[in-house]
Amino acid sequence: ATPSVTNTGATTVVGDVGVSPAASITGQASLTVNGINALLNPGDVHLNDATAISAQSQLITAMSNLGLLGPGTLEPADLVGLTLAPGVYTVPAGVSNLTGTLTLDGLGNANAAWVFQVSSTLITSPGAVVNVINTGAGAGVYWNVGDSATLDTTTSFEGNILALASIPLH
């Protein structure tokens, strides 16, 4: 499948959004892109430009490197109600991988990291929440998704989604 970004409804993204080799974002008119620090970086949209092309190449490298971390701990398909310490986790395919709240507890480690290996799709239900607690500015959450990640309405999501095919935001 050709990588794509699809947005349905009013969506706010903190950071940049890009796509390559496609040159458009479906639903871009209702997408608000804000930078991490709006005064220094207002957030940008990259449509198959040099930044997006480079990012696509780096995406494949990053996904490969995350895959080298191994499968980690197998979790249920629905992560709802779990509190997870930093580590590597495998999430099997499911109708929805997050129907409520997932808490990621850094246990006081300012550089805590979580890697979720998702073989095919990552799907959230309306109102799903990923909550990161007890950590610092060096923490990271990575969702290594083999196909597509779909974030449903009113999802409050934390982490970096690395997906080969698409990331629909509803």
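User: What share of the 170 residues in the protein is buried?
Analyst: Buried residues make up 37% of the 170. Buried means under 20% relative accessible area, exposed means over 50%, and partly exposed is in between, using a 1.4 Å probe and protein chains only. By the way, this is a predicted model, where local features need pLDDT of at least 70 and side-chain atom pairs count only at 80 or more, while totals for chains, interfaces and linings use all residues. Residues are numbered from 1 along each chain as its sequence is written, and side-chain values use heavy atoms, with hydrogens and water left out.

User: What does valine 5 touch, beyond its neighbours within four places in sequence?
Analyst: Valine 5 is in contact with Val17, Gly18, Val19, Ile25, Thr26 and Ile167. Contact means heavy atoms within 4.5 Å.

User: And glutamate 75, why is that one called buried or exposed?
Analyst: At 12% relative accessibility, glutamate 75 counts as buried too. Glutamate 75 lies in the loop between strand 7 (73–74) and strand 8 (83–84). Not counting residues up to four places away in sequence, glutamate 75 touches Leu82, Leu84, Tyr89, Thr90 and Pro92.

User: What makes leucine 107 buried or exposed?
Analyst: Leucine 107 has 61% relative accessibility, so we call it exposed. You'll find leucine 107 in the loop between strand 10 (101–105) and strand 11 (113–118). Its phi is near 55 degrees, a positive value in a residue other than glycine.

User: Where does asparagine 134 fall, at 46% relative accessibility?
Analyst: At 46%, asparagine 134 counts as partly exposed. Asparagine 134 belongs to the loop between strand 13 (129–133) and strand 14 (140–145), and its phi is also near 55 degrees.

User: What is the peptide bond from serine 20 to proline 21 called, cis or trans?
Analyst: That bond is cis, with omega near 10 degrees. Proline 21 is in the loop between strand 3 and strand 4 (25–26).

User: How do you know whether the radius of gyration agrees with a compact globule?
Analyst: A compact globule of 170 residues would have a radius near 15 Å, and the protein has 16 Å, so the two agree. The radius is taken over C-alpha atoms, and the globule rule is 2.2 Å times the number of residues to the power 0.38. Along its principal axes, the C-alpha trace spans about 40 × 35 × 30 Å.

User: What makes up the lining of the largest pocket, by residue class?
Analyst: There are 21 nonpolar, 19 polar and 3 charged residues. Ala, Val, Leu, Ile, Met, Phe, Trp, Tyr, Cys and Pro count as nonpolar, Asp, Glu, Lys and Arg as charged, and the others, Gly among them, as polar. Helix 1 gives the largest share of the lining, 7 residues.

User: How many residues line the largest pocket, and what counts as lining?
Analyst: The largest pocket is lined by 43 residues, with Val13, Asp16, Val17, Ile161 and Ile167 nearest its centre. On a 1 Å grid over the protein atoms alone, where a 1.4 Å probe fits, a pocket is an open set of points with protein on both sides within 12 Å along at least five of seven lines, and lining residues have an atom within 4 Å of a point.

Methods:
Helices (H or I, at least four residues) and strands (E, at least two) are DSSP runs, numbered from the N terminus.
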